[in-house]
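Here is a briefing on one protein model. Start with the sequence and the coordinates, then go to the notes by topic.

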Amino acid sequence: SSKTSQSSSSKKSSSKKMSPDAFISKFGPIVKKASPGSGVFPSVTLAQAILETGWGKSTIGDANNMFGIKAKGSKTPYWKGESETTQTIEYIKGQKGSYNLAFRKYASLEDSIKDHNLFLQKSRYSKAVQAKTPEEQAKEIKAAGYATDPKYADKLISLIKKYDLKKFDDDMIKEKEGSRALSERKIISEKNLRYLMKMLIKENIDDRKPKTKEEGSKFRKWV
């Protein structure tokens, strides 16, 4: 797995556990602002951040890593290649174990959030970003191998419901509805293009039908 389901650092952590209201008030607007164009519901991102950090208690030492993304892959606009190694919980073949792994280290929590949305643009998460609901997206993220915890999706969905995280999804819902409408219009347009062209040609022919016998022969030759 390129991603862990839980990150429980055994090293120093510069963060303190926040109350649900404080955490959601602080990070909700930041997550929402980072979401446009990503296809990722802010409610899902917030639920992941809550689950991964334990309400802000653990961001993997000084790594500012809110989502437990491992230090693999190419550098991004938000991750410069730095890492921090810490102890974490993984489920390998259904068995829970503790491992020392390297995780991405960010300059800020905001960069972690932006990199998370960028991380989910990988082809393996295509079904997830195309999901129509937060619940469907949580399941698709888990199905794509984001986390090893077998109950990961259920935990996300539970957090979304319990803390009314969907209140941050209004813009993403509109964005997704707009994208679907545009796609549907494109399909309809392609299906009807030939029909409309035929109708246009027919109308032009009708307009040019001869009104006298003298024009008749010319018209039949033109058609």
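Pro20 is partly exposed, because its relative accessible area of 28% lies between the 20% and 50% cut-offs. The model is predicted. Pro20 sits in helix α1.

**Pro20 and its partners**

- Leaving aside neighbours within four places in sequence, Pro20 is in contact with Trp55 and Tyr163.
- Pro20 and Trp55 are 35 residues apart along the chain, yet their C-alpha atoms are separated by 6.8 Å.
- Trp55 lies in the loop between α2 and β1 (83-92).
- Is Trp55 buried or exposed? Trp55 counts as buried, because its relative accessibility of 11% is under 20%.

**Positive phi values**

- Trp55 has a phi near 60 degrees, a positive value in a residue other than glycine.
- Asp164 also has a positive phi, near 50 degrees, and is likewise a residue other than glycine.
- Asp164 is placed in the loop between α6 and α7 (170-207).
- With 46% relative accessibility, Asp164 counts as partly exposed.

**The chain overall**

- The protein chain has eight helices and two strands.
- From the N terminus on, the order of elements is α-α-β-β-α-α-α-α-α-α.
- Of the 223 residues in the protein chain, 39% are buried.
- Take the contacts between residues at least 6 apart in sequence: 69% of them join residues at least 24 apart.

**α1 against α2**

- The axes of α1 and α2 come within 9 Å and cross at roughly 135 degrees.
- Why are α1 and α2 called oblique? Their angle of roughly 135 degrees falls between the 115 and 145 degree limits, so the pair counts as oblique.
- The crossing of α1 past α2 is right-handed.
- On the α1 side, the contact uses Phe23, Phe27, Gly28, Val31 and Lys32.
- On the α2 side, Pro42, Thr45, Leu46, Ala49, Ile50 and Thr53 take part.
- By class, the contact of α1 with α2 has seven nonpolar, three polar and one charged residues.

**α2 against α6**

- Helix α6 spans residues 152-162, and its axis comes within 9 Å of that of α2.
- The two axes cross at roughly 110 degrees.
- That angle lies in the 65 to 115 range, so α2 and α6 are roughly perpendicular to each other.
- α2 passes α6 in a right-handed crossing.
- α2 contributes Ser43, Val44, Ala47, Gln48, Ile50, Leu51 and Glu52 to the contact.
- α6 contributes Tyr152, Lys155, Leu156, Leu159 and Ile160.
- The residues of this contact divide into eight nonpolar, two polar and two charged.
- Ile50 of α2 is listed in the contact with α1 and also in the contact with α6.

- Thr45 lies in helix α2, which runs over residues 42-53.
- Thr45 has a relative accessible area of 0%, so it counts as buried.
- Which residues does Thr45 contact, leaving aside its neighbours within four places in sequence? They are Val31, Val40, Phe67, His116 and Asn117.
- Val31 belongs to the α1 side of the α1 and α2 contact, where Thr45 is on the α2 side.
- Gln48 is also in helix α2.
- Gln48 is buried too, with a relative accessible area of 0%.
- Leaving aside neighbours within four places, Gln48 is in contact with Met66, Phe67, His116, Ile141, Tyr146, Tyr152 and Leu156.
- Tyr152 and Leu156 are among the α6 residues that meet α2.
- Phe67 and His116 are in contact with Thr45 and with Gln48.

**The nonpolar core**

- In soluble globular proteins, nonpolar side chains tend to be buried together.
- The largest nonpolar core here has 36 residues.
- Phe23, Met66, Leu120 and Tyr146 have the most contacts inside this core.
- At least two residues of the core come from each of α1 (20-34), α2, α3 (109-119), α4 (126-129), α5 (134-143) and α6.
- Phe23 also takes part in the contact of α1 with α2.
- Met66 and Tyr146 are both in contact with Gln48.

Conventions: Residues are numbered from 1 along each chain as its sequence is written. This is a predicted model: local features need pLDDT of at least 70, side-chain atom pairs count only at pLDDT 80 or more; totals for chains, interfaces and linings use all residues. Side-chain values use heavy atoms; hydrogens and water are left out. Helices (H or I, at least four residues) and strands (E, at least two) are DSSP runs, numbered from the N terminus. Buried means under 20% relative accessible area, exposed over 50%, partly exposed in between (1.4 Å probe, protein chains only). Contact means heavy atoms within 4.5 Å. Axes are lines fitted to C-alpha atoms, for helices over the stretch in contact, and angles run from 0 to 180 degrees between N-to-C directions. Angles under 35 degrees count as roughly parallel, over 145 as roughly antiparallel, 65 to 115 as roughly perpendicular and the rest as oblique. A crossing is left-handed if the near helix is turned anticlockwise from the far one by less than a right angle, and right-handed if clockwise. Ala, Val, Leu, Ile, Met, Phe, Trp, Tyr, Cys and Pro count as nonpolar, Asp, Glu, Lys and Arg as charged, and the others, Gly among them, as polar. A nonpolar core is a set of buried Ala, Val, Leu, Ile, Met, Phe, Trp, Tyr and Cys residues joined through side-chain atoms within 4.5 Å.
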